[in-house]
Amino acid sequence: MTAASPTPTLPPTMTVVACRTPGGPEVLKPETRELRPPSDGEILVRVVAAGVNRPDVVQRQGHYPPPKGVTDVPGLEIAGTVVAVGEGVARYKVGDRVTALVPGGGYAEYCPVHAENALPLPAGLSMVEAAALPETFFTVWNNVFWRGGLKAGEWILVHGGTSGIGTTAIMLAKAFGAKVIATAGTDEKCDACRGLGADFAVNYRTTDFVEAVKQATGGHGADVVLDIIAGSYVERNWQAAAIEGRILQVSVLEGPATVDFRRLMMKRLTHTGSTLRIRDVAFKAAIARELEEKVWPLITEGRIRPVIDSTFPLAEAAAAHARMESSAHIGKIVLTVAVEG
């Protein structure tokens, strides 16, 4: 029988990176916060790495406040080691290596996590790679496969193909037999999309993606469109979509749109959208179970691997945000918080 790992002595405080006032990347500052033990159903994770995502940027700018009762510390995904276990948690023990989706609090040395929203670290991945999984994989699985119903053999148009969402969508769509068209803003980024498995990649700065989709699909159009832009893209997505296509809105970087609904009606389109952060623990747990069953084996086999653009120490979160806002990144940006071990 293997002896249980001793519970480590926890410090009363921890370092976090937060923003007291909305603003540019420079408002992100390290500060000291009280370390609270895990509540019932939670595990406390010593964070080794934390993913940086576009919602973190929008929160810092003052446009995406955390849900009621959630810490103001940014960060929606982490990887690390369990250091304490709350009442009612059966699956995890001290010393387990996990990655997790959290509603906030990832930019910190320690982060409480509802145990049902945590997943074991996939074999063969580093903590940095594992920290790049939850936010985008949960989002893509929920939207592309649950809401969009993407099937093998269908065409999917992925906007922002080299973003965290984009790289994840390309890999997952190809892994499950779909055909992928991705858009990106440079030829280098288009090459990266093709390297991830995209059948076609369109430089939206030099080519009309609507015409490119029609040509690639022989006039059929995209059965599914995954969009992070909104604004002027909405009607163009409807033009690019197949009859009875499904358009999935997961962000609105360009803002609201004025549209002519006649095209949606004539093509019998479905335009839907969702946000993940405000959904309850049970909903996220259902996604976690499917990811562990259907996607984690693909990661372990090496068929899917998160794309890491760059890493920054926790104290340099401002530089990580500046990198994201430059849109020069290909793949995920990750904060390193502690030494892996």
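Q: Which helix gives the most to the lining of the largest pocket?
A: Helix 3 does, with five residues. The model is predicted, so that local features need pLDDT of at least 70 and side-chain atom pairs count only at pLDDT 80 or more, while totals for chains, interfaces and linings use all residues. Residues are numbered from 1 along each chain as its sequence is written, and side-chain values use heavy atoms, without hydrogens and water. A pocket is an open set of points on a 1 Å grid over the protein atoms alone, where a 1.4 Å probe fits, with protein on both sides within 12 Å along at least five of seven lines; lining residues have an atom within 4 Å of a point.

Q: Which elements each supply at least two residues of the lining of the largest pocket?
A: Helices (DSSP runs of H or I, at least four residues) and strands (E, at least two) are numbered from the N terminus. Here helix 1 (54-60), helix 3 (134-147), helix 4 (164-175) and strand 9 (179-184) each supply at least two residues of that lining.

Q: How many residues line the largest pocket, and which lie nearest its centre?
A: The lining has 47 residues, and Arg54, Pro55, Ile228, Ser251 and Leu253 lie nearest the centre of the largest pocket. By class (Ala, Val, Leu, Ile, Met, Phe, Trp, Tyr, Cys and Pro are nonpolar, Asp, Glu, Lys and Arg charged, the others, Gly among them, polar), this lining has 19 nonpolar, 21 polar and seven charged residues.

Q: Which residues that line the second largest pocket are the closest to its centre?
A: Of the 27 residues in the lining of the second largest pocket, the closest to its centre are Arg36, Val70, Thr71, Gly104 and Pro112. Strand 1 (13-18), strand 2 (29-34), strand 6 (110-114) and helix 9 (281-300) are the elements that give two or more residues to this lining, and strand 6 provides the largest share, five residues. By class, the lining of the second largest pocket has 14 nonpolar, six polar and seven charged residues.

Q: Which residues in helix 3 meet helix 4?
A: With contact taken as heavy atoms within 4.5 Å, Thr136, Phe137, Thr139, Val140, Trp141 and Phe145 in helix 3 meet Gly164, Ile165, Thr168, Ala169, Leu172 and Ala173 in helix 4. The residues of this contact divide into eight nonpolar, four polar and no charged. Helix 3 and helix 4 also each supply at least two residues to the lining of the largest pocket.
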